[in-house]
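Hi everyone, thanks for coming. I'll walk you through one protein model today, so let's get it up on the screen.

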Amino acid sequence: MRQPRVWCGVVAVLAAAAVGCGPGGSDSAWSSEAPQGAGGGAGFPVDVTDCEGTRTTVGAPPRAIVTSNASALELLLRLGAGDKVVGTGFPPGKGTLPGELGERALKVPVLSRTVIPKEKLLGSGADLYIDTFASANRGGHGMGDKPTPEEFKAAGITHMYLKSTACPGTAKKPLTDLTPVTEDIRTLGAVTGTGDRAAELVAGMNRKTDAVRKAVGATPEKDRPTYFLFDYDAGTKQPVAVCNRQIAHAVITLAGARNVFADCDDTFRQVGWEDVVAADPDWIQLAVRDRGDAAATEKAFDEARAWMEGNAATRGLKAVKEDRYLRIGSEATTIAGVRNADTVEKIAAALYPSKVKAGR
């Protein structure tokens, strides 16, 4: 089903913390392997395959990388490969990435505030372009006028996609775990020669999600609380539902909750407030983007809560009447990345306080 055009506009506005309107499911085929033979260094060449199984070979560690937006940039920074990034599109706004990571991200040259123009990308001097946007024939949203495979080759640029953000059209079932994210991390680790660091990041994520799964896994499905992610920044006139192909659905599910829009086979979809009222969620996540200032972000959370309590259609919801809100930023929930595991832990700690403690 087609994703709402307005959502992609909202995502683009979110200061490049955007992910190209959603990930693919765990059936997507991003994988990497280092074949035997002569190459450009230890562990190379590395073969990567995309959502459709098309194989690309990375012959040597990249010297200069361009990222299409902040999600790929964040992963590279966490892997310790940020010094190789020579440019990005959709740059992260202040506060989008935490602490020192955000400071480093702001130093990356900005090739475009939105989609990088084809000519600028081809002339960037990059030898690797990490694309987080689906092309039109992949069942997603083609973002801008992309170079052709022949143009990439002529410019000496290897073009690869992130599984967790660029493959929405290939998902065959709901996304219920963070496998696409951890596979992306391992793939980028292999391609950039930071495999050890990638293994550390994945192990840290798995420790958190495994602990939550162990703590709440025995809870029967019918006893798991229902959950609505209210993306305040997507607008209040018509809510945008997180559907079962979006990484946030996996986050919610891993945390032991039931996404009220779990039957929506999409990444995001516009719904009506009557649909939210009919679902009557047990918990509501007030998801706002980071404003770059703690006080301003808290004010945004306050505004989101006030809207829910002041709106005639939503003030009677069970979660509103019982004051069951979670204040968790949209970036760490809907953007595929390391912080997804932290969000799993935070949600589970709120829903199951006797079983899960956040930040252990």
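**A walk around the sheet**

Let's start with a pair of residues: Phe230 has Leu286 as its bridge partner in β12. Before I go on, this is a predicted model, where local features need pLDDT of at least 70 and side-chain atom pairs count only at pLDDT 80 or more, while totals for chains, interfaces and linings use all residues. Residues are numbered from 1 along each chain as its sequence is written, and side-chain values use heavy atoms, with hydrogens and water left out.

Okay, back to the strands. Phe230 is in β8, residues 226–231, and β8 pairs with β12, residues 283–287, in the parallel sense over five bridges. Two strands count as paired if DSSP finds at least two bridges between them. Along that pairing, Leu229 stands opposite Gln285 of β12. β8 is also joined to β10 by two bridges, again running parallel, and there Tyr227 has Asn259 as its bridge partner.

So what order do the strands take in the open sheet? Four of them line up as β10-β8-β12-β13, with parallel pairing. β10 and β13 are at the edges with a single partner strand each, so one side of each has no neighbour in the sheet. If sheets are new to you, their strands pair through backbone hydrogen bonds, either parallel or antiparallel.

How many of the six residues of β8 are buried? Six of six, where buried means under 20% relative accessible area, exposed means over 50%, and partly exposed is in between (1.4 Å probe, protein chains only). That covers both faces of the strand: Thr226, Phe228 and Phe230 on one side, and Tyr227, Leu229 and Asp231 on the other.

Next, the disulfide. In general, that's a covalent bond between the sulfur atoms of two cysteines; here the rule is a pair of cysteine sulfur atoms within 2.5 Å. By that rule we get one disulfide, joining Cys243 to Cys264 with an S to S distance of 1.9 Å. It links distant parts of the chain, 21 residues apart: Cys243 is in the loop between β9 (240–242) and α9 (247–254), and Cys264 is in the loop between β10 (258–259) and β11 (268–270). The torsion about the S-S bond is about 65°, so this disulfide is right-handed. Are the two cysteines buried or exposed? Cys243 is buried at 0% relative accessibility, and Cys264 is buried too, at 4%.

Now over to Asp47, in strand β2. With a relative accessible area of 12%, Asp47 counts as buried. Its side chain makes polar contacts with the side chains of Arg55, at 3.3 Å, and Thr57, at 2.6 Å. A polar contact is a pair of N or O atoms within 3.5 Å; within protein, one must be able to donate a hydrogen and the other to accept it, and residues adjacent in sequence count only if both atoms are side-chain atoms. Asp47 and Ala190 are 143 residues apart in sequence, with 9.4 Å from C-alpha to C-alpha.

Most residues other than glycine have a negative phi, and most peptide bonds are trans. Here, the bond from Phe44 to Pro45 is cis, with omega near 5°, and Pro45 sits in the loop between β1 (31–33) and β2 (46–49). Asp280, in the loop between α10 (273–279) and β12, has a positive phi of about 45° and is partly exposed at 27%. Asp323, in the loop between α12 (318–321) and β13 (325–326), has a positive phi near 60° and is partly exposed at 44%.

One last stop.  Which residues lie nearest the centre of the largest pocket? They are Asp290, Gly329, Ala332, Arg339 and Lys346, out of 20 lining residues. α14 gives the largest share of that lining, four residues. A pocket, on a 1 Å grid over the protein atoms alone, is an open set of points where a 1.4 Å probe fits, with protein on both sides within 12 Å along at least five of seven lines, and lining residues have an atom within 4 Å of a point. That's my tour, thanks!
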